[in-house]
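This report describes strand pairing in a single model. The sequence and structure come next.

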Amino acid sequence: MKKKKLTLLISIILILGLLAACGNASGGNDSAAGHDGHGGQNATDDKENSNNGHSGHGDNAQTTESSNLEASFNFVSGGAKANEDTELAIQITGDDGKPINDYEVNHEKLLHLIIVNHDLSFFNHIHPEFQGEGKFTVETSFPAGGEYKVFADFIPSGGANLTLSDWVEVEGKEGEHADITPDTNLIQEVSGKEIELALSGMKPKEEITLSFTIRDSVTKEGISNLEPYLGAVGHVVILSADAESYLHVHPLDEKATGPVAEFATTFPQSGTYKIWGQFQHNGEVITVPFVVEIK
């Protein structure tokens, strides 16, 4: 009887031991599964966060480059008078109102400022200095009263070339309005230089080569020692007669020295356009205007 009880007790102990061993084995698998699952989930989350962060950075860079930026143009003293020096401030901000502080150097400058009057008879190309907090300033003057259009031409870091513009009002007597009529002869004489313009075509929405030939106005000899102006053989700005379409064109060969300087552009639509070519010779910047009809 005692032997039977002892055998039964031993059997129960063995069974309980086996059950405990199975429980531990099962618990070990659960723990391992839990560890793998936890680690695997974290690895997945980290990867997604990394990718999302990278995409977000790319998206931010994309918004920096485009037309979501804004420019305001103001006279520091509150106004400007004809024939008086005045300080003009240009404030560049994002669509969130925050100042844009990072710019790429574009032809030796952070910002090119083009100023024209209402009939395009006045043209000025100057370079404001960056003051920080998205602000540029420059001292300039205006030859007469009336409306002037100002164009800020710049490249925000990580973005594409951008031009923002607005009209400003100058106090004083306005000059006489001159009609903008196409030139019948595309030859101009400026500062002892004869500059001839030839266009490879006259149709809109097609690439056109503008060829400027610069000669000595007396000898008619081609000038082949043009000096770099803002890092290139020359610069060309084109405006439609209503000053709504702006084209800042750079040369095909920036290192050319003349007598021919070539530029390529596309006119967006038919109409009258004024072209200003700028070149440097013997330390003097020469600005030569032409008016053409694109049709």
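## Hairpin S9-S10

Strands S9 and S10 form a hairpin with two residues between them, and Ser-191 in the turn has a positive phi of about 50°. Strands here are DSSP runs of E with at least two residues, numbered from the N terminus. S9 covers residues 187-190 and runs antiparallel to S10, the two being joined by four bridges. Glu-189 stands opposite Glu-194 in S10. Two strands count as paired if DSSP finds at least two bridges between them.

## Basis of the model

The model is predicted: local features need pLDDT of at least 70 and side-chain atom pairs count only at pLDDT 80 or more, while totals for chains, interfaces and linings use all residues. Residues are numbered from 1 along each chain as its sequence is written, and side-chain values use heavy atoms, with hydrogens and water left out.

## Strand S10 and its partner S11

S10 also pairs with strand S11 (residues 207-216), in the antiparallel sense and over seven bridges. Ala-198 has Ser-211 in S11 as its bridge partner.

Five of the seven residues of S10 (residues 193-199) are buried, so the strand is largely enclosed by the rest of the structure. Buried means under 20% relative accessible area, with a 1.4 Å probe and protein chains only.

## Open sheet S1-S2-S6-S5

Four strands form an open sheet in the order S1-S2-S6-S5, with antiparallel pairing. S1 (70-75) and S5 (129-132) stand at the edges with a single partner strand each, so one side of each is left without a neighbour in the sheet.

S1 is joined to S2 (residues 86-93) by six bridges, and the two run antiparallel. Within this pair, the bridge partner of Phe-73 is Ile-90 in S2.

Methods
Buried < 20%, exposed > 50% of the residue type's maximum accessible area, 1.4 Å probe, protein only.
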